[in-house]
Structures are given as structure tokens and as C-alpha cells.
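Work through the two exercises below with the structure at hand. Try each task before reading its solution.

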Amino acid sequence: MTIDEINQQLAALANCGDPQFAQAAQYVAQATAAAQAGQMSPQELTETLQDMQRQMQIIQDMGQLQLKETLNTVINGLILIAAAAT
Amino acid sequence: MKKLLSAVFVLALNGCVAYDAYMLTSFDSNEYQLMAQIRIDARHFATACANPVMGKPNAVAMANETELFVAYSEYLPHNSDAVNAARALNEIAQGLKDRYNSGGAVSPLFCRLKFNGIEHSADLIQQTLGNRPR
């Protein structure tokens, strides 16, 4: 993958409409630009990008948990309705 | 009643997911408070990154806080999503501490990005933990 292709994908991500991913894309672009300007070492940039992957994992885990919380609410609601119907 | 039976049937189609959701860990005020503390400290520590005296102690403090959150959460039953997120958050914090401990220079920008990332993730985790069933 070339730098141009990476930049195109970053731009697509920044305009995908999802605020979480748009913010992530902006974060990656800023970090890369800062490293190119000498404000961060290449090792620090690598770690920063690895942190992005860790943050994506957190977003995914919290999405799963949010779904379970919603399902929990639904199940408890159904139990209450079923109990009232008997 | 038909609608109710249909809903129960749909849930029964994927019993494991329904079981996980039904058995979900309830709201835990200690877990919630730990995450609030991490979020606020990350915000404050980010402002001190340009101070060479404060960078390392703040990084150590944050690594300890996120490690405490992992240790607190990991044996709560039916809590795997929160534990996975806690471990990822701890990895982010440990990375900053390790860099300070390695003796090399740590740029203020790197330090700030670390704490900003921790604050952002902690905010998301706290919001989700706050929605746990009471």
C-alpha cells in the first residue's frame, strides 16, 4: 500500500459519517503529520498508531456491551410483561 | 400474548447471546468511579506533558490506575467486554510509562496523545458502564 492510497483511505474514513471513526482518522492524520514535522520520533508514531488499534478494540468491546445492555432491558421488560399476563 | 411469544422465540434463537445479556453484570459504582477517576486524571495529566518533572510520575500514576481497574473488573462474573476494554486501556497507559522508564526522550506531543487517547476511551467506557442495568 502506498502513502497516497493510505491518505485516500484516511480521507474516506474521515468522511464516513461515523463520528468515532472520523475522529480516529483525523487523529491518525495529525499524528503522522506531527511525526513528519519532527515533533515525535518514529517509535512514538508507531506506538501512537498501535494505540489507535487498542482504542478501536475498546470501541468494539463497548459496542458489544451496549447491545447486551439493551437486550438485558428488553428481556427484563418481557419478563415483567409475561409475569403480569399470568 | 402472540407478540410476547414471538419475542421470546426470537431471543431463544440465539440462547448464548440472550443468556449473556440476561446475566450481565449490574451497575457497579466502584467500577464507574474508577473510570471517572482515570478520565479526569488523564485530562489533567495531558496539560502537564510539557513539564519534564511531571511527565514520568503522571505516566506511572496513570499506569497504576488503569492496572487497578483491570484487577478490580477481571473477576466480576459476566464482565468480559469491560475486562477486554480495561486491558486495552491499561496497555495504552503502560506504553507511556515504559517509554519514560526506558530513559529515552519522550516528546510532549506523544505524552499528550497518550493521555488524550486514554481520556477519550475512558469517556466511552464510563458512558457504557453507566448504562448497566441497576
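Two residues are in contact here when they have heavy atoms within 4.5 Å. The model is a predicted one.

**Exercise 1.** Describe the interface of chain B and chain A.

Solution.

1. Count the residues in contact: chain B contributes 39 residues and chain A contributes 32.
2. Give the area. About 3200 Å² is buried between chain B and chain A, and carbon and sulfur atoms give 67% of that.
3. List the polar links. There are four salt bridges between chain B and chain A. E91(B) forms a salt bridge with R54(A), where the closest N and O atoms are 3.0 Å apart. Across the interface, seven residue pairs are in polar contact.
4. Locate the side of chain B that touches chain A. The elements giving two or more residues to this side are α1 (2–13), α2 (15–22), α5 (80–101) and α6 (108–130) of chain B. α5(B) gives the most, with 12 residues.
5. Sort that side by class: 24 residues are nonpolar, nine are polar and six are charged.

**Exercise 2.** How do helix α2 and helix α3 of chain A pack?

Solution.

1. Read the geometry. Helix α2 (residues 19–36) and helix α3 (residues 42–85) of chain A pack at an angle of about 170°, and their axes are 10 Å apart.
2. Apply the cut-off: angles over 145 degrees count as roughly antiparallel. Therefore α2(A) is roughly antiparallel to α3(A).
3. Find the residues. Among those making the contact are F21(A), Y27(A) and V28(A) of α2(A), and L45(A), M52(A) and I59(A) of α3(A).
4. Classify the contact residues of α2(A) with α3(A): 11 are nonpolar, four are polar and none is charged.

How values were computed:
Residues numbered from 1 in each chain as written. Chains lettered and ligands numbered in written order. Predicted model: local features only at pLDDT ≥ 70, side-chain atom pairs only at ≥ 80, totals over all residues. Heavy atoms only, no water. Axes fitted to C-alpha atoms, helices over the stretch in contact; angles between N-to-C directions. Helix = DSSP H or I, 4+ residues; strand = E, 2+ residues; numbered from the N terminus. Parallel < 35°, antiparallel > 145°, perpendicular 65-115°, else oblique. Nonpolar A, V, L, I, M, F, W, Y, C, P; charged D, E, K, R; others polar. Buried area = accessible area lost by both parts, 1.4 Å probe. Salt bridge = Lys/Arg side-chain N within 4 Å of Asp/Glu carboxyl O. Polar contact = N/O pair within 3.5 Å; in protein donor to acceptor, adjacent residues only side chain to side chain.
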